[in-house]
Amino acid sequence: MNARHTHLLAPAAAAVTVVLWASAFVSIRSAGDAYSPGALALGRLSSGALALGVICLVRREGLPPRAAWRGIVISGALWFGFYMVVLNWGEQQVDAGTAALVVNIGPILIALLGARLLGDPMPPRLLAGMAVSFAGAVAVGLSMSGGGGSSVLGVVLCLLAAVGYAGGVVAQKPALGKASALQVTTFGCLVGAVGCLPFAGQLVGEAADAPVSATLNMVYLGVFPTALAFTTWAYALARTTASRMGATTYAVPALVVLMSWLALGEVPGLMTLGGGVLCLAGVAVSRSRPRDRALAVEAAPSDPEPLRK
């Protein structure tokens, strides 16, 4: 695979992740009416682990190397487990706009942790793009906020979710140098599901009374925004820095606005549209490279060695 092909696949994988994570917004809100936070997280993770397990068996992936397990366990506990439960809980306490705004602190934390723990570079374009996108996320969050006051507990929960998200991404990055994206995602999801087993009783009881639409939304969350999107995320993360991938997720609020407009008939206001444009513009800036470096990549004839065959 040549360098040009490789540099096209990684952004495509990141785009799949962003679109599916944006679609999860509507599904979480719908399923959350019938399922409590822990039960929803366990149902989502169980569905995702089952789908990923089948794919691993078909592809004969096997167990990850021992050196990858530390990152897998930490990311599985923080991101797949803790993050999903706390975010589900937080979104029951505050409006969607506030939740989106607080959780979007995550990419900034990823950049700071990545620079400190992984030695990720902090080029001016990345910093400028993050600033623009964060301003857009603030605009989207404020415009989507409801008329009622936000719960202090809800804000704290969403902040904890952002911390778990950032810690999980930074822990996952080294593991991707030792195991495949599918292995890291599958066993991370399994770790998260095991951590959520205390909610099994709630899941069984609530599933008996939940409408079919809510259960289907929960399964959708497991198969697509979890199994597929986290795998494409890991694939892209293995080929770039944690900071740059974190900045990419600033496109999620803009896509949520568009999906709500098309699927739910919620017409966005000018402030919402402007914030969405800023989010996308910031992502474009953060993902761009200086022209001389881009030309050097275009001219490179060699096939870069992948992190793992």
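Glu61 sits in the loop that links helix H2 (37–59) to helix H3 (69–90); helices here are DSSP runs of H or I with at least four residues, strands are E runs of at least two, and both are numbered from the N terminus. The model is predicted, so local features need pLDDT of at least 70 and side-chain atom pairs count only at pLDDT 80 or more, while totals for chains, interfaces and linings use all residues. Residues are numbered from 1 along each chain as its sequence is written, and side-chain values use heavy atoms, with hydrogens and water left out.

Is Glu61 buried or exposed? Glu61 counts as buried because its relative accessibility is 19%, and buried means under 20% relative accessible area (exposed is over 50%, partly exposed in between; 1.4 Å probe, protein chains only). Setting aside residues up to four places away in sequence, Glu61 touches Cys56, Ser180, Leu182 and Gln183, where contact means heavy atoms within 4.5 Å.

## Cysteines

Cys56 is buried too, at 11% relative accessible area, and Cys189 comes in at 0%. There are zero disulfides in the structure (a disulfide being a pair of cysteine sulfur atoms within 2.5 Å). For Cys189, the closest cysteine sulfur is in Cys196, 9.6 Å away, so that pair is too far apart for a bond.

## The whole chain

The protein chain has 14 helices and zero strands. Of its 309 residues, 49% count as buried. Looking at contacts with a separation of 6 or more, 92% come from residues 24 or more positions apart.
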